[in-house]
Amino acid sequence: MTISTDQLSKVLRELGAGNSLPGDRRLAQINGYLGEIYQSPEYTDWIGREELQPASQFTIPPRLSIHNKVAHNLLIELEIAHSDSTLSARIDRTQSTIYLTDGFWVDPEYRVFPTSDESDILCDYVSRHSLASKYPLMIDPACGPGRHGIGIDTPYQISLDMSERALAYSRLNALLRGTTNQLFGANDIVRGFPKPINVLLREKTLIVANMPFAILPKRPGRPEPLAQDGGPRGVALSKALLDATAMLFKNAAAMRELRVILLFYSLGRSDFGPWEIAQYAEALFPDAVAKTTILTEKPMWRVNGRKEQPNPMPVSSLKEKARCRLTYKEFDEDAIRDGFLKRQQQFAKDGWTHLGYGVLDISLTKS
Ligand SMILES: C[S@@+](CC[C@H](N)C(=O)[O-])C[C@H]1O[C@@H](n2cnc3c(N)ncnc32)[C@H](O)[C@@H]1O
């Protein structure tokens, strides 16, 4: 069983209230115990094989629960674990911090993004360029369970997402690690950034974005996976983010410098590009300094949990995703493969040959 979104809110209320009472040690107990579970050989083994057994949930081994009875009972009380010791959320670690998110067993229609590899790329990029110390405010327009909030240490942060469930996890993870510098909000980036944000903007602001960017044929009779679907060519929400950024920069009087770091999948006209998203950014921000890096050392196109294709990959490899049991049911496989082949034919007609996985870095300045 999966923890419900309502229950995540109740956990927030329960732990948040306790947190303000003197002597409340529950957050530390939960953190310690989650870390202990994560490091146990049984969990390491389970998480390593998770993508091959998508329906499986982890059961806390008895020796851990006996050793840590108070925290164990607390997890059950909060419904983060069940009385049979199965976990109802997935424990993961990013930048040495333990956090909670959905497991692969949750329906992709509303599953909060399970893995941290993409966010880790962005956090490493921000760290390599020392951006956290240059920008007092970071905005994450699609925060999922809040990994950028964990890995990027700007003094203030605004974390937005379309999904209430993602926001609930993101808030819980912030509470678990005791941060109070984040503002959370529900927002559809297709409609732009919420206007009140203008009041909070700093002279220098950083946007770090990992929008959904997979190219996915329609699942018969079911909605698209919210955290993955990037529209017909994968860049629909990345473009929406750039449009929203252009509006934000134009309307925010206080802002002088805006830096956007965007992770993307984008079609290109050869294995060297040009890449659709980079061309879109150039047209939208003709005066900006923009740099596109294709992450050739990182494999791409996740099938059954693992990114397995070379980067960039030819569009003929898109159909490999039909084998992915974490996104599609076995009985959908043929229809999905056909869907990919149709997309591939359309891309060939339009002159798109490759899909690239990279980072777009845009600096906007006002005089
Ligand atoms: C690929 S996940 C990234 C999560 C997180 N930033 C990370 O890197 O781990 C994409 C996120 O975009 C959110 N999302 C989808 N459509 C959106 C929209 N129109 N506006 C804002 N967020 C959206 C999903 O709910 C999901 O949390």
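Predicted model: local features only at pLDDT ≥ 70, side-chain atom pairs only at ≥ 80, totals over all residues.
Two residues are in contact if their C-beta atoms, placed from the backbone, lie within 7 Å. By that test Tyr110 touches Ser163, Arg165 and Leu226, when residues up to four places away in sequence are not counted.

**Helices H2 and H5**

- The axes of helix H2, which covers residues 26–39, and helix H5, which covers residues 69–77, come within 9 Å and cross at roughly 95°.
- Within H5, the residues Ala71, His72 and Leu75 are buried. Seen down the axis of H5, these buried residues fall within an arc of 105°, so they line one face of the helix.
- The buried residues of H5 pack against H2 and also against helix H4, which covers residues 62–67. On the face of H5 that is turned away from its buried side, the exposed residues are Lys69, Val70 and Glu77.
- Just after H5, Glu79 takes a positive phi of about 65°.

**Around the ligand**

- There are 23 residues around the ligand, and of these Ser119, Ala142, Gly144, Met162 and Asn210 come nearest.
- By class, the shell around the ligand has 13 nonpolar, six polar and four charged residues.

- Tyr110 is found in the loop between strand E2 (97–101) and H6, and with 17 C-beta neighbours inside 10 Å it counts as partly exposed. One of the residues it touches is Leu226; Tyr110 and Leu226 are 116 residues apart in sequence, while their C-alpha atoms are 6.1 Å apart in space.
- Gln182 lies in strand E5, which covers residues 182–186, and it counts as partly exposed because it has 19 C-beta neighbours inside 10 Å, whereas a buried residue needs 20 or more.
- Leaving aside neighbours within four places in sequence, Gln182 is in contact with Gly149, Gln157, Ser159 and Ala174. Gln182 and Ile150 are 32 residues apart in sequence and 11 Å apart in space, from C-alpha to C-alpha.
- Lys298 has its place in the loop between strand E8 (289–294) and strand E9 (300–303), and it is partly exposed, with 14 other C-beta atoms within 10 Å.
- When neighbours within four places in sequence are left aside, Lys298 is in contact with Ile121, Asn311 and Tyr357. Lys298 and Leu64, by C-alpha to C-alpha distance, are 36 Å apart in space and 234 residues apart in sequence.

**Cis peptide bonds**

- Gly273 and Pro274 are joined by a cis peptide bond, with omega about 0°. The place of Pro274 is in the loop between strand E7 (257–268) and helix H11 (276–284).
- Asn311 and Pro312 are also joined by a cis peptide bond, and here too omega is about 0°. Pro312 lies in the loop between strand E10 (306–309) and strand E11 (313–314), and Asn311 is one of the residues in contact with Lys298.

**Positive phi angles in loops**

- Ser130 has a phi near 50°, which is a positive value in a residue other than glycine. Ser130 lies in the loop between H6 and strand E3 (137–140), and it is exposed, with 8 other C-beta atoms within 10 Å.
- Asn304 likewise has a positive phi, near 50°, in a residue other than glycine. Asn304 is found in the loop between E9 and E10, and it counts as partly exposed, with 18 C-beta neighbours inside 10 Å.

Technical notes: Residues numbered from 1 in each chain as written. Axes fitted to C-alpha atoms, helices over the stretch in contact; angles between N-to-C directions. Helix = DSSP H or I, 4+ residues; strand = E, 2+ residues; numbered from the N terminus. Buried ≥ 20, exposed ≤ 12 C-beta atoms within 10 Å, placed from the backbone. Arc of directions from axis to C-beta. Near = placed C-beta within 6 Å. Nonpolar A, V, L, I, M, F, W, Y, C, P; charged D, E, K, R; others polar.
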